[in-house]
2 protein chains.
Amino acid sequence: MTPFKLTEELVKNIEQHIENKNNAELIALFQDVHYADIAEIINELDNDEATYLIKLLDSDKTSDILTELDEDVREAILGNLSSKEIASELGELDTDDAADIIGELPKEQVQDVISKIEDREHAKDIVDLLRYAENSAGGLMAKELVKVNENWNVLTCVKEMRAQAENVTRVHSIYVVDDEDKLKGRLSLKDLLTTSTKTHIKDIFIKNVDSVNVNEDPEEVARIMSKYDLEAIPVIDEIGRLVGRITIDDIIDVIKEEAERDYQMAAGISQDVEADASIWELTRARLPWLILGLFGGAAAAVIMGGFEEMFREYTVLFLFTPLIAAMAGNVGVQSSAIIVQGLANDDIKGSISNRLIKEMLLALLNGFILSCLLLVFTWVWKGDFLTSLAISISLIAVIVVAGFIGTFVPLFLDKRGIDPAIATGPFITTSNDIFGILIYFSIAKLILGI
Amino acid sequence: MTPFKLTEELVKNIEQHIENKNNAELIALFQDVHYADIAEIINELDNDEATYLIKLLDSDKTSDILTELDEDVREAILGNLSSKEIASELGELDTDDAADIIGELPKEQVQDVISKIEDREHAKDIVDLLRYAENSAGGLMAKELVKVNENWNVLTCVKEMRAQAENVTRVHSIYVVDDEDKLKGRLSLKDLLTTSTKTHIKDIFIKNVDSVNVNEDPEEVARIMSKYDLEAIPVIDEIGRLVGRITIDDIIDVIKEEAERDYQMAAGISQDVEADASIWELTRARLPWLILGLFGGAAAAVIMGGFEEMFREYTVLFLFTPLIAAMAGNVGVQSSAIIVQGLANDDIKGSISNRLIKEMLLALLNGFILSCLLLVFTWVWKGDFLTSLAISISLIAVIVVAGFIGTFVPLFLDKRGIDPAIATGPFITTSNDIFGILIYFSIAKLILGI
């Protein structure tokens, strides 16, 4: 496979062809290109060019392209298409992708588009999916799946399956239901093929099947599927009826988004923004954390103001406040990141107190090493052993407290059912700055006997 | 499905059974429990208990359990098993999992274990896999796959496939090779089943098949598979021969590990450590970044020392150094996180200079809002407008420079082929602390005309 590479020349070339309306060349050019790659190209075009291409290419390809486009590009293209054109694109898509796109349409257009989908069964399935919250297993699942009734025999089953499989890209599993559509188990293709055609499904199916409830949290679905190495999982409603199926490709997106959210949270970005978001979106995501930092800094200033009388004699103490604040922040972020990641991976075992004791020991060890380095530096630089000692001892205390806060806060939030990721990043650095400076000056004052 | 829940009672109960050697109860207890769940339980037991269970349970179950255990637990159990026992576990595993476990054995034991694997074909495949670097497509792939020769007819093909599929848990795709074992394409199960048995494979197979080279970076494999929604991808060697297959469950681990590494890097943790790592491992991962922070803090102290004569008159300036340093750090982390994430997702388009201009505008906007807030606070607190203004104007400058550094450094590293993630976290906060403080005092000095 020669990997696809998006280049400026390629985009320019395509723009040229569009301008000259070289339809034959364009169709030939995109003949063997994967829809995900075409989507990357279209993301680079302006709206009219993009719409031109979408109208030009085959609708079985363009429907897949639409699902892969950046949201703003897709919105612009859909705005240029008629309800009938959109309906025909949706007709080509799996129900979950179609429902996601409908969810992005203006409310007043939804009914019109749905009414124009030719396959009424498909339209009904899409409407069913619209009922589920986006952030649930129901919002993630597709209606496409292969299911057989436990009362059928193998012959009926194979016949029915063939019809159903027409609409299903990848079969993965054959689910077995009873007359009320309740999920009973699954069927192995091997057993189906090696059993006499008169055998009843009831007698050969596997009763043990993993499933998730339609209201389950997507991250929990991801955890189950990746723990048990499942490539698809059936979704059941409150009374156990089989209502859909989630496949692993949707779960990969969930896993990526979860990791990205935790990462952004740790960096002080509170909403899911991408590098290409507008300045206004970026400001909304970033400014709240910066304001938090500003308040923290102001609090630190007030605290330092309380020690102003120490200034004249012990100026050197003040020179090290950025160092103390930085170390408190760094240790806090390290501790909290390990805990947050451990919680996300279900890795945190044992009691909170054991965890805290371990973190204290770790902080003591790191603090001791760092303090020795600092002691030598300050002593050589300023030649005042007692002050140097005071700064170094304060540093150990600050590191231990910072480690404690960084460990305790996310564990505490998690116990309370709050996402511990909010405790990483600016929140921890800001509170550790304040505590760090307070501890630093208090201990230094004590040691120097001021 | 009742979800499995690991409880202390359950573990205690099992420990009790092991102590009393209630083998029948133990076997019954684990009868319907998934191997991934049993692994979670065993992770909680001591080594003798764990070994006892592994020896007690069926080897087709225990081999899977072994792959799911924590590395240190697995190591301890394998240490308690004879080479013959280990060989029999490996015989039950897919080649990729078996090779991973062999990679963890003491070097002197490897040959002995391999020689005791009964299925010599399987042993040969495992040995083949040991040759590949862990961090490559070859290190990730399994030898289990279904392949047919393009010169066969459908009848031969179905017969051969049946034999091959015995060893393959999930078929996904049927690969077509020529007489030299070179990958030519893939075969759709549907075409195979609906074509006359005398048809040659050559005439029905699909020539378009994605594949990756055996030396490809796992993260690139993950990118390709998730972009093209592939559930399996064939791996070819330097001359195009089909040598293995990578499945989506292995790729999920790659995606998770990549996200975790970026996250840990941003938090100043330089090696892949888990919450349960030893204090010594945690120190090795964390201390280097803390020492970097210490050097940065020392540099900041020296810089501040250069402005010592400003002390007497403008004490208030010094009270705000932690605030300035914190804001510089926060803005730098935000900017770099967006860029690093955008680069990881292939989201960063356009030139570096456009990106920098956007970030400067964003920083100006955020800086202006924050400076106004700070101006009011300082003015009210200290009643000195000119000093307050000097602090606020410096803050804008610091934020703009911090945004510039946070954007430029990861983009620059990426262009140079260096992982931009190292530029997040402590690296950015430390350098921004230093620059921030330098800019702050310089601008304040200028404005106040000292």
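Me: Is the crossing where H19(A) passes H16(B) left-handed or right-handed?
Reply: H19(A) passes H16(B) in a right-handed crossing. A crossing is right-handed if the near helix is turned clockwise from the far one by less than a right angle, and left-handed if anticlockwise. This is a predicted model, in which local features need pLDDT of at least 70 and side-chain atom pairs count only at pLDDT 80 or more, while totals for chains, interfaces and linings use all residues. Residues are numbered from 1 along each chain as its sequence is written, chains are lettered from A and ligands numbered from 1 in the order written, and side-chain values use heavy atoms, leaving out hydrogens and water.

Me: What angle do those two helices pack at?
Reply: Helix H19 (321-344) of chain A and helix H16 (248-266) of chain B pack at about 160°, and their axes are 9 Å apart. Axes are lines fitted to C-alpha atoms, for helices over the stretch in contact, with angles from 0 to 180 degrees between N-to-C directions. H19(A) and H16(B) are therefore roughly antiparallel (over 145 degrees; under 35 is roughly parallel, 65 to 115 roughly perpendicular, the rest oblique). Helices (H or I, at least four residues) and strands (E, at least two) are DSSP runs, numbered from the N terminus.

Me: Which residues meet there?
Reply: From H19(A) you get A:Ala337, A:Val340 and A:Gln341, which meet B:Glu260, B:Tyr263 and B:Gln264 of H16(B). By class, that contact has three nonpolar residues, two polar and one charged. Nonpolar covers Ala, Val, Leu, Ile, Met, Phe, Trp, Tyr, Cys and Pro, charged covers Asp, Glu, Lys and Arg, and the others, Gly among them, are polar.

Me: And what does A:Asn330 touch?
Reply: A:Asn330, in helix H19 of chain A, touches B:Leu290, B:Gly293 and B:Thr429, not counting residues up to four places away in sequence. Contact means heavy atoms within 4.5 Å. With 11% relative accessibility, A:Asn330 counts as buried (under 20% relative accessible area; exposed is over 50%, partly exposed in between, with a 1.4 Å probe and protein chains only).

Me: Switching to strands. How many residues of S5 in chain B are buried?
Reply: Five of the five residues of S5 (232-236) in chain B are buried, so the strand is largely enclosed by the rest of the structure. One side has B:Ala232, B:Pro234 and B:Ile236, the other B:Ile233 and B:Val235.

Me: What does S5(B) pair with?
Reply: Strand S4 (212-213) of chain B pairs with S5(B) in the parallel sense over two bridges, and B:Asn213 has B:Ile236 as its bridge partner. S5(B) also runs antiparallel to strand S6 (242-247) of chain B, joined by five bridges. Two strands pair if DSSP finds at least two bridges between them.

Me: Where's the positive phi in that hairpin?
Reply: At B:Gly240, with phi near 85°; the hairpin has five residues between S5(B) and S6(B).

Me: Which residues other than glycine have a positive phi?
Reply: Among them are A:Asp229, with phi near 55°, and B:Lys21, at about 50°. Most residues other than glycine have a negative phi.

Me: Where do those two sit, and are they buried or exposed?
Reply: A:Asp229 is in the loop between helix H15 (218-227) and strand S5 (232-236) of chain A, and at 22% relative accessibility A:Asp229 counts as partly exposed. B:Lys21 lies in the loop between helix H1 (8-19) and helix H2 (23-30) of chain B; B:Lys21 is exposed, with a relative accessible area of 56%.
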